[in-house]
Amino acid sequence: MWRGTSAVAITAALDPGGRPHNAARREGAMEMVVVEQPARAPSAVSKPMLEEPPPRWAVVVLAVVVVVPFLALMATVPVAWGWGLSWLDLAIGLVAYLVAGFGVTAGFHRYFTHGAFKAVRWLRVTLAVAGSLALEGAIIQWVADHRRHHAYADREGDPHSPWRYGATVTGLAKGLLFAQCGWLFQRESTNRARFAPDLLADRDIRTVDRLFLPLAAVSVLAPPVIGGLLTWSWHGALTAFFWASLVRIALLHHVTWSINSICHVYGQRPFATRTDDHAANFWPLAIISFGESWHNSHHADPTCARHGVLPGQLDSSARFIWLLEKAGWVFDVRWPQPQRFEARRATK
Ligand SMILES: [Zn+2]
Ligand SMILES: [Zn+2]
């Protein structure tokens, strides 16, 4: 099923000179195009695709972080039926979902991975911290994985393509599961030195990256502390832990991961993407994913700050970035350029 990719060089993450693409942007290298492996391989690109795999204990921790919140998500209906859901738990959960969610979509994804805008230092650190609260992994690994995904979308080398096991019904069912979260358990680490050298060179970001475990603990423990204090009861702490920690984490996990699975199989493809790249716009996830499910548009123009570029396509991450720009904390935003998207209109 997989096509060989030995001749395909990384493109979306690094330009052929091996620099982060936002550096290339500044110098006017506008296009994200597939290029053949250059004769003289530049330093970052010549590094292997993978680095040392994580230790086995990390897989056990990962399993707990993925499975326990998911079980809570599965239990929401009986719990809501039996004990209800208080407005307070809903409010704490919503705020936590918004903070971690925008941290991932506007922060980890559009800013750190794709350089869709620039931000003042305190906001850069804040976005890195907020995204870490989603418990989707430490920032530098997250960005390296995602840049690798764009460089090899739906071909060999993509860390989480749902087409991995072929286009048959069983192959796709297996592939969707793999793209959803099976890939996390591969014990395969994308080489950060190759795919995220810009973040490795940034002291602030290295610090946030190192603090991932304490930040994860804050994300899990803050809701029950707040719920317990506001209701002055253990019961309030427990229900806040269930709804605003476990259920909120699982929901954001699976919404984010659905972009990797569903949005590479089902939906509309108004814009042309690279051969083999199946990225599609899947409207039912637009609101809950903060606009990330306009994934075909995103793969057609990865550095664009807005993914919902067509009329009526809600994109709250783009609105969030717009508000930050109005406040003066964000600048050089790469808003959609109609002629770029027109040039990418799918012909069929
Ligand atoms: Zn994708
Ligand atoms: Zn992306």
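Predicted model: local features only at pLDDT ≥ 70, side-chain atom pairs only at ≥ 80, totals over all residues.
Residues are numbered from 1 along each chain as its sequence is written.

Let me begin with the core, meaning a set of buried Ala, Val, Leu, Ile, Met, Phe, Trp, Tyr and Cys residues joined through C-beta atoms within 7 Å. A residue counts as buried if 20 or more other C-beta atoms lie within 10 Å of its own, as exposed if 12 or fewer do, and as partly exposed in between, with C-beta atoms placed from the backbone. The largest core has 52 residues, and Ala100, Ile139, Ile140, Val143 and Ile321 touch the most other members, where touching means C-beta atoms within 7 Å, again placed from the backbone. Its largest share, 11 residues, comes from α13, helices being DSSP runs of H or I of at least four residues, numbered from the N terminus.

Now to helix α11, where Ile205, Val208 and Asp209 are buried. Seen down the axis of α11, these buried residues fall within an arc of 105° (taken from the directions from the helix axis to the C-beta atoms), so they line one face of the helix. The face turned away from that buried side carries the exposed residues Arg203, Thr207 and Arg210.

Is Leu200, finally, buried or partly exposed? Leu200 is partly exposed, because 14 other C-beta atoms lie within 10 Å.

Notes. Chains lettered and ligands numbered in written order. Helix = DSSP H or I, 4+ residues; strand = E, 2+ residues; numbered from the N terminus.
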